[in-house]
Amino acid sequence: MDTFTLLRLPYVALLIVLEQMDLDRIFHLSFHSKKFKKLCESLKFSVDDVTLTGSWNDFAIEFSKFDSKFHFVANSTNRELVKEPMRIIFPVGENESYADILHREFEKCKRMMKIRKYGALFGRITDLKNVFLWKYTKDLGTLAVFNYDRTPVTRDDLLFLLNNIKCSYLILQLSVPDFKYEGLIKSRRIILTNANWIDTEKISIDTNTEDMVFSGSYNESFINRLLKEWISGMNEKLRALTCGSPFPIPDRNLNPDLVLTGIPTTQSTFTEEELRNRFAFGIVPDVLEIKRETDGRLATVGLGTNEISLYVWHEEDLKKIGR
């Protein structure tokens, strides 16, 4: 069988081949061949997304390119380096941390690639201010922090994330004891679950936000305030707002009169088919319509027992249904 001498191809051909190779081949070849690794460092192949995932006992980095994914995993149960399809597992010594191992290996491989976007997904993690990813970027696609075991996040860590990290998609499910955040939340899409740390009277939402989900138990005055802010002309780009819980909360039903205090509503003028095609409406007792004061823009409001959803009709949305 003839051997294909990849490294002898002309520069342009090499670049084309490298861009077409899947990540599994690229990473494994770079670990086996110093020449190939140097070639990658010279040409720099494109990576669509690099996401750091971590919790108190597990750290990994996911690299994505087209439909191809590859993982660096730090694992204390392995005593030796393990190379497997779609991942490499790095052993963690007694005096090393998971994050230190991945930081070191990421630093080596970063020289080989052009990274288009970063992301971060954390669960049960402390000391968020000192995550090594911030040394490379503070501009993310997705930032998600899940407080699964209810380990509190400190006030300083929360403020660091909200004031220093920019992201397009923000997902926070965490608790922050003895603290109420009164500032601005900035992201194109926001999901906050059981956010006991927000001051519902003073918190503000970025004008570029398109989707907001406040999942959990929230008071009617907060929901009423968000609706009135949109009606008055704020949140120009807003497309959808959901507050409450899709599941029953014991002894906690939304009072529709309080939610809609001071907000003129009419019955929806859209057909069931139009609503289904445009929105993911669940089964709700009431579907109403409100109109914005500044420009007459319409929004459909679905009132459920525990949840309210508002969907805004932008001009392009109306065109899609022939209005």
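Start by selecting Phe 70 and Phe 72: both are buried. The model you have open is a predicted one.

**Stop 1: two rings**

Keep Phe 70 and Phe 72 on screen. They form an edge-to-face aromatic pair.

**Stop 2: across the chain**

Where do the two partners sit in the chain? Phe 72 is in strand E4, residues 68-75. Phe 90 is in strand E6, residues 87-91. They are 18 residues apart, and the pair links distant parts of the chain. Phe 90 has a relative accessible area of 3%, so Phe 90 is buried.

**Stop 3: the cluster**

Widen the view. Select Phe 27, Phe 31, Phe 45, Phe 63, Phe 70, Phe 72, Phe 90, Phe 106, Phe 132 and Tyr 136. These residues form one aromatic cluster. How many aromatic pairs does the structure hold? The count is 19.

**Stop 4: a charge over a ring**

Go to Tyr 169 and Arg 189. The charged end of Arg 189 sits over the Tyr 169 ring, 4.2 Å from the ring centre.

**Stop 5: the surface**

Finish with Ile 16, in helix H1, residues 11-20. Is Ile 16 buried or exposed? Its relative accessibility is 53%, so Ile 16 counts as exposed. With Ile 16, they make a nonpolar surface patch of about 340 Å².

Key
Residues are numbered from 1 along each chain as its sequence is written. This is a predicted model: local features need pLDDT of at least 70, side-chain atom pairs count only at pLDDT 80 or more; totals for chains, interfaces and linings use all residues. Side-chain values use heavy atoms; hydrogens and water are left out. Patches are made of residues with over 30% relative accessible area and no salt bridge: like charges are joined within 9 Å, nonpolar side chains (Val, Leu, Ile, Met, Phe, Trp, Tyr) within 5 Å. Accessible areas come from the Shrake-Rupley method with a 1.4 Å probe; for residues, only the protein chains shown count as cover. A salt bridge is a side-chain nitrogen of Lys or Arg within 4 Å of a carboxyl oxygen of Asp or Glu. Helices (H or I, at least four residues) and strands (E, at least two) are DSSP runs, numbered from the N terminus. Buried means under 20% relative accessible area, exposed over 50%, partly exposed in between (1.4 Å probe, protein chains only). Rings of Phe, Tyr and Trp (its six-membered ring) pair if their centres lie within 6.5 Å; planes under 30 degrees apart count as stacked, over 60 as edge-to-face and the rest as tilted. A charge sits over a ring if NZ of Lys or CZ of Arg is within 6 Å of the ring centre and within 35 degrees of the ring normal.
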